[in-house]
Amino acid sequence: MIKFKFTVIILIFVSSSFNLSAQEAIIKVDILREIGDIDRNIYGVFMEPIRTTMDGLLYDPEHPLANEDGFRKDYIDAAKELELTNMRWPGGNYTATYHWKDGIGPQEDRPVRRELAWGVLDSNRVGTDEWIALSRAMGVENSICINGGTGTIREAGQWIEYVNSPPGSHYADLRAKYGHPEPYDVKYWHLGNEVDGEPWQAVSMTSQEYVTFAKDAANLMYFVNRSCDTCTQPTFLAMGSSWVMHDGKPGKWEQWNWDVIDGLITQRNVEYIAIHRYWGSNITEDIGDSRSPDVYLGDWAMHVDDYITTTENQIQIAKMKNHLRDKPFHIAFTEWSPGTRSHLSTLAGALHFNLFLRHADIVKRANFTLFISLLGRNEKGETYKTPFFHMFKLFSTAAHGKSVDTYVQSDTFDGELYKNIPYLDVSSAYNEEEKSLVINVVNRNMESAISTDIISDTGEFSETAEVSVINSADVNDRYTFENQDQYDPATSTVRADGGSFRYSFAPHSFTQIRVKVAE
């Protein structure tokens, strides 16, 4: 674990310049202007058995790196190094036809099923007990997604009995019979996955059908252990829309989210709406899938910001409408990824975390897709740490505490949809106990360094700032196993006494600056 006592951390990215030259900027940080507590659950992952990503890769009892449960220790060690907090499982589209009872008991007795989401045969060698063993080895909390497609409400209630109830009832006794007498105490349960995705899901629902299903499922799953004083009671995540664009066809995501929020905000134990968005897929039919930096790092960041902000506004309206101003109800960004194979993707990954931190008052959980993608892998299956891994680690091990408001003045550029996008994209985190500030910045200028005055509006910087930089000569170069020794962040120091200091952020770079703060 990396700790920076009495330090400030500043993360910065640089991206492209086409018609403008961005060379001067100002960043002002005020530790008294709090946005909200940073929930460490934003440093979670999503894992789904897509074809052989689980059985045959992460789970491979014959592999020389397999642990006693059959899971690869290189991935488990990576989870610990990143200080991951939670893992959402088992899906994903997989859950729409997954029945959890197929995955318990002796592995040799489990049925082989046709898996309809990814078109393979599912051996069911990895079921509930194996998933939880993996989570415990990784040191993360479980976050289970129920079947909102072919699954029944009764089946969901029986699953929570198997997982959380003490011995004495049928499914809890089955768990004990299979070697796990103590309840697993899983708190977070997702009420289905992407159930609005009619074009790509085997089974889908209307928003009205989903609200009815989710209410009944949440009620029944709560009732299973409501009279048990020692049982972990469930907290539920409702499924927001994932259909913004699909094959050029727009979905009615705003209406779906409103229907779900308004319909479930009064429901006992439902405290999140889960949203998904994959960076770099279609924003609109006109733009399509563009990897040009002005779209990829500009339009996409603005679009996802709008996606979060719109959903947040709907939550606030629903709270007022239903007289529930104090009801905990937040956003869980339970699937996100820009891909992990190039420096451009690493920059986009940092933009994600900046968005989560700037919306720390409403975004309280996030799950990167897929967990195994945090490590690179060559044709032989050997893993290595990519720049994306190191970027993730800089955030997950350092950006804690409270998110604080940051003023940024820099030149701007135009995307295809959005105009006047600042080259510098910034978020900041302040750890009051350690008196440390973390500022995360993406500089979206591909050609010019940006010389920046970094100013503390409250307190003064003290002593030396520590700097870590991730960069690449070509933002589109694919990461390779052979070049892994080049991927560690470059480190340096900068003098930072007083109320300000100056730093020049290189083109298309990710920079983290750690500096002491004296109030």
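## Asparagine 93

Asparagine 93 is buried, with a relative accessible area of 15% (buried means under 20% relative accessible area, exposed over 50%, and partly exposed in between, with a 1.4 Å probe and protein chains only). The model is predicted: local features need pLDDT of at least 70, side-chain atom pairs count only at pLDDT 80 or more, and totals for chains, interfaces and linings use all residues. Residues are numbered from 1 along each chain as its sequence is written, and side-chain values use heavy atoms, with hydrogens and water left out.

Asparagine 93 belongs to the loop between strand 4 (86-89) and strand 5 (113-115); helices (H or I, at least four residues) and strands (E, at least two) are DSSP runs, numbered from the N terminus. Apart from neighbours within four places in sequence, asparagine 93 contacts Glu48, Ala117, Trp118, Asn193, Glu194, Trp200 and Gln201 (contact means heavy atoms within 4.5 Å).

## Asparagine 142

Strand 7 (residues 141-145) contains asparagine 142. This residue is buried, its relative accessible area being 8%.

With neighbours within four places in sequence set aside, the contacts of asparagine 142 are Met87, Trp89, Trp131, Ile132, Ser135, Val186 and Tyr188. A separation of 5.8 Å is found between the C-alpha atoms of asparagine 142 and asparagine 86, which are 56 residues apart along the chain.

## Arginine 291

Arginine 291 is located in the loop between strand 12 (270-278) and helix 7 (293-321). With a relative accessible area of 38%, arginine 291 is classed as partly exposed.
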